[in-house]
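Here are my notes on this one, point by point. Have the model open while you read.

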Amino acid sequence: MLAVQNLEVVYDDVVLALRGVSLELPDGKIVALLGANGAGKSTLLRALSGLLDIHDGEIRKGSVTLDGTDIGERKPADFARRGIKHVLEGRRVFKELTVEENLRVGAYTARSKLAENTERVYGLFPKLADMRRSTAGYLSGGEQQMLAIGRALMSDPRYLLLDEPSLGLAPMIVAQIRDIVVEINSQGTGVLLVEQNAAMALEIASHGYVMENGRIVMDRPAAELLKDQDVREFYLGLGAEGEVKSSFRDVKHYRRRKRWAS
Amino acid sequence: MTAFLEAVGEGLGTGSVYALLALGFVIIYKAMQVISFAQPAFMLAGIVLVSYLAESVNFWAAVPIAVAAVALLALAVERVAIRPMVGKAVFVIAIITLGVDVVVRVVAGAFIGVDPRSVGDPWGQEVVNVAGIDMAQRNVAALIAMVVVGGLLFAFFRFTPIGLAMRASALDQEAAMAQGVNVGTVFATSWALAGGLAAVAGVFAATGGPIDQNIWIVALAALPVIILGGLDSLGGAVLAGLLIGVVQAVVATYQRDWVPSLETNAGPIVPYLVMMLVLLVRPYGLFGTKEVERV
Ligand SMILES: Nc1ncnc2c1ncn2[C@@H]1O[C@H](COP(=O)(O)OP(=O)(O)OP(=O)(O)O)[C@@H](O)[C@H]1O
Ligand SMILES: [Mg+2]
C-alpha cells in the first residue's frame, strides 16, 4: 500500500501547501481525489512520486510510505523503479519525440520488458499503434493524454497517479479515458485519480477524498460521497432546489477559469 | 578557382574541429541549460595526453585512450564541481566551469613545456589529391573523424535508452524524471561526451606540427559556432562549424587581395563576424528552436 501520514509540504520555505494530509492508496483499487484549484492535489501527487524537489518543495512533517517503509526522501527515479508512476497535469508528452520514442522513455526503468509492455499499451490504445511514428506534439489533446498514460504504463507500474486526465477534453474522450482507467485497474494497477470531473471519478472509484486548502476534509467510500449533499452541490453541480442556479454558475465559472489556467 | 577550392578543403578540416567542439557545448547545454567554458581545457588535456601516450604506444592507440581518459576527467569534474551547484543560477554554474577551465588548462599546459611536442599523427603536412585539388591529409582525416563521430552520436541519441532519455530530459525535465530518468545520470553523460568530443577535436587541431601553447583558443571559436547553429541543435553545431571553418579559410586566403592594408591574419575574427551577421537575420541562430534566454 502507498500512503501518506500527516504530511506537511512547504514550497520555497514559505508556502504551506499541505497541512497534515493522510491518504491511502491500496493495491488494485481506484481512489479519487477531489478539490478546488490550489487545494493541494498536485502537491500531494508530487510527494507520492518524489517530484517535490524540482519544485523547491519539501516535506516538513509526516511521511510517505510504501508498504510501511518511509520513501519520502528518495529520488524520483527510485519511485518509478518501485512501481509508482505519476502522469503529470497537462499531459506533458515529449513533443518533439515520436509516439514510439515517448513510450520507450516510459520504459526506462523496465527495459527488459520493452516488447511486452509496448504490445500491452498498443492494445489498450490502438490509436497510438497507428501513430507510432508521428511526432507527439502533433497529436490531439485526447491522443496526447492517452500517450501520457501509455508512457507511464510502459514500466507496468503497481500504482498510477493520474493528475486531471480529463482536463480540457470532450465528453466522449473523457468517457474513453474513464473506461481505460477501469481497464488498467482491472489488470491490477492501483490508481489515484485526481479529477475536476468529480462525477466521472466517483463513478469508478471505490474510495474518495476531498481536499480543501491543503487539508483532507472528506474521506469516504465513493458511493457515499456521490450521495453527499455538499459534494453534489460543489463538485457535481447538483444542488438542492433553489441553490441549483448559483452553484451551477459557480461551477461553470470555475471550469472556465480552470481551462484558461491550464 | 583552385586556390578557392583548396581554401574550402582547409576550411572543412578546421570546421570539423569546430563542429566536434560545438557538439560538446550543445550536448551540455541541452542537458543543463549551461554553457560550459571548460571545453578548451578538456581539449588541451586531450592533446597533452595523446602527445605523451604517442611516445610509448602508437598514435592510433593513444587517441582512444586519451579520449576515454578525458571523458573520465570530465565526469569527475561534473561530479565534484558542478553537481553540488545544480539548482543555482545558470550564470553561477557557467562561472564555475570557467574556473574549472583555468585549473585544468594550467595543469595540462604545464606538461607542454618548452621543448616542442607533437601528437605524433601520421599525416604531418602530406597532401592528397581529391578530384584535382590538393587537400592536406590531416584535414581529410578531421572531416572523416567528424562524420564518423557525428554518426555515432546520432545513433546514440536515437537508439540507446540513455541517449533517448537525454533528449526527453532536454524537452521536459520533470516529465523525464517521472519516467524514472535520473537527471544526475543525464548530466554526467553529457559531460563525459563533451569531454571526449573536446579531446577528439584537440587531436585534429594539433595535427601537422608542434603543439602551440595557445592552441586551446581554437575551442573559443566554437562559441560563435554554437550561437550560429542554435544553442540546442546538434545538426546546427555541425553545419555551423563547417560553414565558419570554410568562410574563415576563404577569408584568410583572399584577404590580401581584398584588403591589402590588412597585414595580420583576419581569420580569427571571421567566426564572430559571421555569427553577428546571421543573428541580425535569425535571432535564434540557423537551427535553434527553443527560445533561448537572452540578456
Ligand atoms: N512550484 C510551486 N511553488 C510554490 N507554490 C506552489 C507551487 N506549486 C503549487 N504551489 C502552491 O501550492 C498550493 C497547492 O497547489 P497545487 O498545485 O498542489 O493545487 P491543485 O489542487 O493541484 O490545484 P489545481 O486544481 O489548480 O491543479 C497552491 O497554493 C499553489 O499556489
Ligand atoms: Mg493540480
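Predicted model: local features only at pLDDT ≥ 70, side-chain atom pairs only at ≥ 80, totals over all residues.

1. Start at ligand 1: one of its oxygen atoms has a backbone N or O atom of A:Ala39 3.2 Å away.

2. Residues are numbered from 1 along each chain as its sequence is written, chains are lettered from A and ligands numbered from 1 in the order written, and side-chain values use heavy atoms, leaving out hydrogens and water.

3. Two side chains also reach ligand 1. A:Thr43 puts an N or O atom of its side chain 2.4 Å from a ligand oxygen, and a polar side-chain atom of A:Arg46 sits 3.4 Å from a ligand nitrogen.

4. How many residues surround ligand 1? There are 17 (a heavy atom within 4 Å), and the closest are A:Asn37, A:Gly38, A:Lys41, A:Ser42 and A:Thr43.

5. The axes of H1(B), residues 2-32, and H10(B), residues 222-229, come within 9 Å and cross at roughly 70°. H1(B) and H10(B) are therefore roughly perpendicular (65 to 115 degrees). Touching residues (heavy atoms within 4.5 Å) include B:Tyr18 and B:Phe25 of H1(B) and B:Leu223 and B:Ile226 of H10(B). By class, this contact has nine nonpolar residues, no polar and no charged; nonpolar covers Ala, Val, Leu, Ile, Met, Phe, Trp, Tyr, Cys and Pro, charged covers Asp, Glu, Lys and Arg, and the others, Gly among them, are polar.

6. H10(B) also packs on H12(B), residues 270-281, at about 20° with the axes 9 Å apart. That makes H10(B) roughly parallel to H12(B) (under 35 degrees). Among the contact residues are B:Pro224 and B:Ile227 of H10(B) and B:Tyr272 and B:Met275 of H12(B).

How values were computed. Axes fitted to C-alpha atoms, helices over the stretch in contact; angles between N-to-C directions. Helix = DSSP H or I, 4+ residues; strand = E, 2+ residues; numbered from the N terminus. Parallel < 35°, antiparallel > 145°, perpendicular 65-115°, else oblique. Polar contact = N/O pair within 3.5 Å; in protein donor to acceptor, adjacent residues only side chain to side chain.
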